[in-house]
Amino acid sequence: MEQWIGGLAVVTGASSGIGAAVTSKLVKSGVIVVGLARRIEALEELEASLTHEKGTFHPKQCDISNDDEIFAVFEWIEESLGPVSIIINAAGVLKPATLIEGSTDVWKETFDVNILGLCVCTREALKSMKAHEIAGHIVHVNCLVGHVLPELPLPEPLLNVYPATKHAVRALTETLRKELRGSNSKIKVSSVSPSYTISDMYNEFPENAAEALSETPRLTADDVANAIIYVLATPPGVQIQDLIIRAIGDAL
């Protein structure tokens, strides 16, 4: 990780889960991190825990389903901190619903955050990298359901459009890789796809569904954050395009 010391990383969904875990590891490695999330209080709590580390953490409230908020944050970053070297797209939404009876508003929110927000944040980070000729790294936090649709141990199927958004993230990763290759760019793009991970994302699930998931082998946010650090630590000539991570004993 020495290559990134003093560089600037943007982490979406930094208030909890994988986003918070990877933020902590980046700051401890000497990276300047701007953490984006809707819950500023949670970001400020994370900031307080990272006060004396090698790097620095800057919490910024931002709803990545809102283009104007994204533009304002990236303008502030450029003016106040400098160019972006890394972006970790860790923000994600999974609301329990079905395709048969689900709410259109829930579906739209999931697409807005998991796909469009990811694309807009990535584009703004790329503008900064290219303008300053930085061979940066883009990491999309994907999911196993972006590769296969396993039979989860749930009383009823509640994933609705979520797997579709994660399949889209895989396609977006490969499309961007080819675009970057076509322009002879040294910027890397990687997708990290964990299986079921302990997360606040499942807090809205019915109690019986939460109980069923608790019996499934699970990854921790730290497990996934360590994988992201592994991807970032590759030498300049190496790109990990797609990394799948499973918990030991996972039958999904």
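## Cavity and pocket

In this predicted model, the count of cavities of 30 Å³ or more comes to one. The space in the largest cavity amounts to about 30 Å³. Its lining is formed by N89, A91, V113, N114, L118, V141 and K166. Helix α4, residues 104–131, supplies the largest share of that lining, with three residues. By class, the lining of the largest cavity comprises four nonpolar residues, two polar residues and one charged residue.

The largest pocket holds about 930 Å³ of space. A total of 44 residues line the largest pocket, and those nearest its centre are A91, G92, V93, S199 and M201. Two or more lining residues come from each of α1 (17–28), β2 (32–37), α4 and α5 (162–182). Among these contributors, α1 gives the most, namely three residues. The lining of the largest pocket divides into 25 nonpolar, eleven polar and eight charged residues.

In soluble globular proteins, nonpolar side chains tend to be buried together. The largest nonpolar core of this model has 38 residues, and the members that touch the most other members are V22, L26, V33, I88, V192, I228 and L232. Two or more residues of this core come from each of β1 (8–12), α1, β2, α2 (40–49), β4 (86–89), β5 (137–141), α7 (221–232) and β7 (242–245). The largest share, eight residues, is given by α7.

Which residues are in contact with V192, leaving aside its neighbours within four places in sequence? They are V139, H140, V141, N142, C143, V224, A227, I228, V231, L243 and I245.

## Individual residues

| Residue | Relative accessibility | Class |
|---|---|---|
| T23 | 0% | buried |
| S191 | 0% | buried |
| N160 | 11% | buried |
| E53 | 32% | partly exposed |
| N184 | 69% | exposed |

T23 belongs to helix α1. With a relative accessible area of 0%, T23 is buried. Not counting residues up to four places away in sequence, T23 touches V11, A14, V33, L46, L50 and F57. One of these, V33, is also named among the core members that touch the most other members.

S191 is placed in strand β6, residues 188–194. Is S191 buried or exposed? S191 counts as buried because its relative accessibility is 0%, and the cut-off for that class is under 20%. The side chains of S191 and N142 are joined by a polar contact of 3.2 Å. When its neighbours within four places in sequence are left aside, S191 is in contact with H140, N142, T173, Q241, D242 and L243. H140, N142 and L243 are listed as contacts of S191 and are likewise listed as contacts of V192.

E53 is located in the loop between α2 and β3 (56–61). Its relative accessibility of 32% places E53 in the partly exposed class. Leaving aside neighbours within four places in sequence, E53 is in contact with V27 and K28. E53 and T173 are separated by 120 residues in sequence and by 32 Å in space, C-alpha to C-alpha.

Two asparagines have a positive phi value. For N160, phi is near 40°, which is positive in a residue other than glycine. N160 sits in the loop between β5 and α5 and counts as buried at 11% relative accessibility. For N184, phi is near 60°, again a positive value in a residue other than glycine. N184 occupies the loop between α5 and β6. Where N160 is buried, N184 is exposed, with a relative accessible area of 69%.

Key:
Residues are numbered from 1 along each chain as its sequence is written. This is a predicted model: local features need pLDDT of at least 70, side-chain atom pairs count only at pLDDT 80 or more; totals for chains, interfaces and linings use all residues. Side-chain values use heavy atoms; hydrogens and water are left out. On a 1 Å grid over the protein atoms alone, a cavity is a set of points where a 1.4 Å probe fits but cannot get out, and a pocket is an open set with protein on both sides within 12 Å along at least five of seven lines; lining residues have an atom within 4 Å of a point. Grid points are joined across faces, edges and corners, and a volume is the space filled by probe spheres set on the points. Helices (H or I, at least four residues) and strands (E, at least two) are DSSP runs, numbered from the N terminus. Ala, Val, Leu, Ile, Met, Phe, Trp, Tyr, Cys and Pro count as nonpolar, Asp, Glu, Lys and Arg as charged, and the others, Gly among them, as polar. A nonpolar core is a set of buried Ala, Val, Leu, Ile, Met, Phe, Trp, Tyr and Cys residues joined through side-chain atoms within 4.5 Å. Buried means under 20% relative accessible area, exposed over 50%, partly exposed in between (1.4 Å probe, protein chains only). Contact means heavy atoms within 4.5 Å. A polar contact is a pair of N or O atoms within 3.5 Å; within protein, one must be able to donate a hydrogen and the other to accept it, and residues adjacent in sequence count only if both atoms are side-chain atoms.
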